[in-house]
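Please consult the sequence and the model alongside the text.

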Amino acid sequence: MKPVEKDSGLLCLKCNLPLEMRKIRFVYLGYSFDTELPRCPGCGQLFLPEDLVKDKVAEVESSLEDK
Ligand SMILES: [Zn+2]
């Protein structure tokens, strides 16, 4: 388990700038979520942490099963 940090601690490989946490609307299977993702202030590149994507996908899938 990695410690959860508010500061993403990531650098954009292109700009070498620290990524900022930005509130982003994430859409999957027609469902949308507001979530914070690391984004480069220079080029606007978003980084999608694989764990976060998996969590959100799992949420959507469990809500679909609940129907
Ligand atoms: Zn960049």
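**Architecture and metal site**

The secondary structure of the protein consists of 1 helix and 2 strands, where helices (H or I, at least four residues) and strands (E, at least two) are DSSP runs numbered from the N terminus. Read from the N terminus, the order of the elements is β-β-α. The model is predicted, so local features need pLDDT of at least 70 and side-chain atom pairs count only at pLDDT 80 or more, whereas totals for chains, interfaces and linings use all residues. Residues are numbered from 1 along each chain as its sequence is written, and side-chain values use heavy atoms, with hydrogens and water left out.

Of the 67 residues in the protein, 18% are buried; buried means under 20% relative accessible area, exposed over 50%, and partly exposed in between (1.4 Å probe, protein chains only). The accessible surface of the protein amounts to about 5300 Å², and carbon and sulfur atoms contribute 53% of it. These areas come from the Shrake-Rupley method with a 1.4 Å probe, and for residues only the protein chains shown count as cover. Among the contacts in the protein with a separation of 6 or more, 31% join residues 24 or more positions apart, a contact meaning heavy atoms within 4.5 Å.

The zinc ion is coordinated by the SG atoms of Cys12, Cys15, Cys40 and Cys43, at 2.2 to 2.4 Å. Donors are N, O and S atoms within 2.8 Å of the metal (3.2 Å for Na, K and Ca); water is not among the atoms, so sites may look incomplete. Along the chain, the donors of the zinc ion follow the spacing C-x2-C-x24-C-x2-C. Cys12 belongs to the segment before β1 (20-28) and Cys40 to the loop between β2 (31-39) and α1 (50-65), so this pair ties together parts that are 28 residues apart in sequence. Cys12 counts as buried because its relative accessibility is 3%, and Cys40 counts as buried because its relative accessibility is 0%.

What is the arrangement of the 4 donor atoms around the zinc ion? They subtend angles of 106 to 113°, which makes the arrangement tetrahedral. Four donors count as tetrahedral if all angles lie between 85 and 135 degrees; four count as square planar and six as octahedral if opposite donors are over 155 degrees apart and all others between 65 and 115, and anything else is irregular. The ideal angle for four tetrahedral donors at a metal is 109.5 degrees.

Two further residues of the segment before β1 deserve attention. Lys14 is found in this segment and is exposed, with a relative accessible area of 67%. Between Lys14 and Cys43 there are 29 residues of sequence separation and 8.1 Å in space, C-alpha to C-alpha. Asn16, also placed in the segment before β1, has a positive phi of about 60° although it is not a glycine. Most residues other than glycine have a negative phi. Asn16 counts as exposed, at 57% relative accessibility.

**The hairpin and its side chains**

β1 and β2 pair in the antiparallel sense over 9 bridges; two strands pair if DSSP finds at least two bridges between them. Val27 has Ser32 as its bridge partner in β2. The hairpin of β1 and β2 has 2 residues between the strands, and Leu29 takes a positive phi near 50° there.

The structure holds 2 salt bridges, each defined by a side-chain nitrogen of Lys or Arg within 4 Å of a carboxyl oxygen of Asp or Glu. In one of them, the side chains of Glu20 and Arg22 meet at 3.8 Å, N to O. Glu20 is partly exposed at 35% relative accessibility, and Arg22 is partly exposed at 37%. Asp34 forms a salt bridge with Arg25, with 2.9 Å between the closest N and O atoms. Here Asp34 is partly exposed, at 45%, whereas Arg25 is exposed, at 56%.

Thr35 lies in strand β2 and is buried, with a relative accessible area of 10%. Leaving aside residues up to four places away in sequence, Thr35 touches Arg22, Lys23, Ile24, Phe26, Leu52 and Lys56. Leu46, in the loop between β2 and α1, counts as partly exposed at 32% relative accessibility. With the same exclusion of residues up to four places away, Leu46 touches Ile24, Leu37, Pro38 and Arg39.
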